[in-house]
Amino acid sequence: MSAESRFSADSLRTQTAAILQAWGMPEAPARTTAALMVETDLLGVESHGVSMLPQYEAMHASGRLHLAATPRVLRDGPATALLDGDAGLGHAVSAQAMQLAVDKARALGIALVGVRNSHHFGAAGVYARIAQRQGLIGLVTSSAQGILLVPTRAAEPVLGTNPIAFAAPVPEGSRNAAFVLDMATTTAAANRVKVKALRDQPVPAGWVVDGRGEPVTAPQAARAQVFDAPDGGLTPLGGSSDGGSHKGYGLALLAQVLGGTLNGGAFAPLHRQTHGAGEPANVGHSFIAIDPAFFGAPGAFAQDVDAILDVLHATRPAEPARPVLVPGDPEAAQQAERKCLGIPLPAPLLRQIREIAARAGAPDVLGDAPAGAAA
């Protein structure tokens, strides 16, 4: 297992924004993007935070990524809107889209804002949380640029990890964390395999299979199977037919249709047949906001959710030392620890980020950054 160092969220935000700006991203979207990436790391979702910088560098170098993107509104209705991401990273346009959905839902009870011509947007859950922090329900789906998921009964990948995220508020001051479900539709996200390889940790059986459907668990071999091999790849959520992988397969297709196809986003296998490797991926995202106040008394929904979470937390555990959790609890625990102690970076990733900063001509903020500083 590789060594790791901890860094404050402030230092990681500054470093990430400096790299993005050095690549040509304007200051405001760079700060928004960096903040969302580091929020992801604070929540413990290491696969979608600053560990994405090497992949973003490769996309930038290939010309697929328009760092100076200027998103624009293509259509704007009372409860709907459609944005064009201008082939840039998806973080800033996605935050804009979810906030627009929240504003529209305040007036009409529910709203859907779609995005086309985007790229990777990090963790879907951070956008659902934008609605949740304002007392609304947030629902997020997205297509993907990668072809990584092996459908049930197939030998080769066809779909992406196509995420689904849902967040619901609880009353302010509740002892419960908000209910936030943030999931890939594969058994594990591709970037979790990447993080296992960075830490030189074995990959659990059932995450990755080869072209014969056999599990691949050695970390470097699993990473190569997912990102480089023409066959095999990630299993749908459920892992196998006996485990219900057809459900994960179906959810991945749902996210493609609702998050990508609805908004004019691409289906990666068809897109690759008609576009060159250096062209934008045209990823699509959908952001739905629902105002519970439209359906009941103000605050009643959050209180009811809170009561449900209380029941779940009070459920007798099978192992006394392992209490029953609800979606959002692990992230809340990670966030509390990492705000106090800092965000851990494996040595290989830290080295990669410093090399990326040097190539970009950005300052090495992490060289003297103290661990465990305030977030």
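Good morning. The model is a predicted one, in which local features need pLDDT of at least 70 and side-chain atom pairs count only at pLDDT 80 or more, while totals for chains, interfaces and linings use all residues. Residues are numbered from 1 along each chain as its sequence is written, and side-chain values use heavy atoms, with hydrogens and water left out.

Seven strands form an open sheet with mixed pairing, in the order 2-3-4-10-5-6-7. Strands here are DSSP runs of E with at least two residues, helices are runs of H or I with at least four, and both are numbered from the N terminus. Two strands count as paired if DSSP finds at least two bridges between them. Which strands form the edges? They are strand 2 (72-76) and strand 7 (179-183), each of which pairs on one side only. From one strand to the next, the twist averages 15°.

Within strand 7, Phe-179 stands opposite Ala-168. Helix 5 (residues 125-132) lies across strand 5 (137-142), strand 6, strand 7 and strand 10 (283-290), and runs at about 25° to strand 6. Such angles run from 0 to 180 degrees between N-to-C directions, with axes fitted to C-alpha atoms, for helices over the stretch in contact; contact means heavy atoms within 4.5 Å.

A further pairing joins strand 1 (residues 4-7) to strand 11, antiparallel and over four bridges. There, Leu-345 of strand 11 is the bridge partner of Ser-5. In general, the side chains of a regular strand alternate between the two faces of the sheet. In strand 11 (residues 343-346), Ile-343 and Leu-345 point one way, Pro-344 and Pro-346 point the other way, and all are buried. Buried means under 20% relative accessible area, exposed means over 50%, and partly exposed lies in between (1.4 Å probe, protein chains only).

I turn now to helix 6. How many of its nine residues are buried? Eight are, and the helix is mostly covered. Its cover includes helix 3 (53-62), helix 7 (219-227), strand 11 and helix 12 (347-360). Leu-198 belongs to helix 6 (residues 190-198) and counts as buried because its relative accessibility is 12%. Just after the helix, Asp-200 takes a positive phi of about 55°.

Finally, the salt bridges: the structure holds 13. Each is a side-chain nitrogen of Lys or Arg within 4 Å of a carboxyl oxygen of Asp or Glu. In one of them, Arg-359 meets Glu-57 at 2.8 Å, N to O. This pair links distant parts of the chain, since Arg-359 is in helix 12 and Glu-57 in helix 3, 302 residues apart. Is Arg-359 buried or exposed? At 54% relative accessibility it counts as exposed, whereas Glu-57, at 17%, counts as buried.

Another salt bridge joins Asp-76 and Lys-104, whose closest N and O atoms are 2.6 Å apart. Asp-76 lies in strand 2 and Lys-104 in helix 4 (residues 90-108), so the pair ties together parts 28 residues apart in sequence. Asp-76 is exposed at 57% relative accessibility, and Lys-104 is buried at 10%. Lastly, a network of salt bridges links Glu-4, Glu-46, Arg-199 and Arg-338. Thank you.
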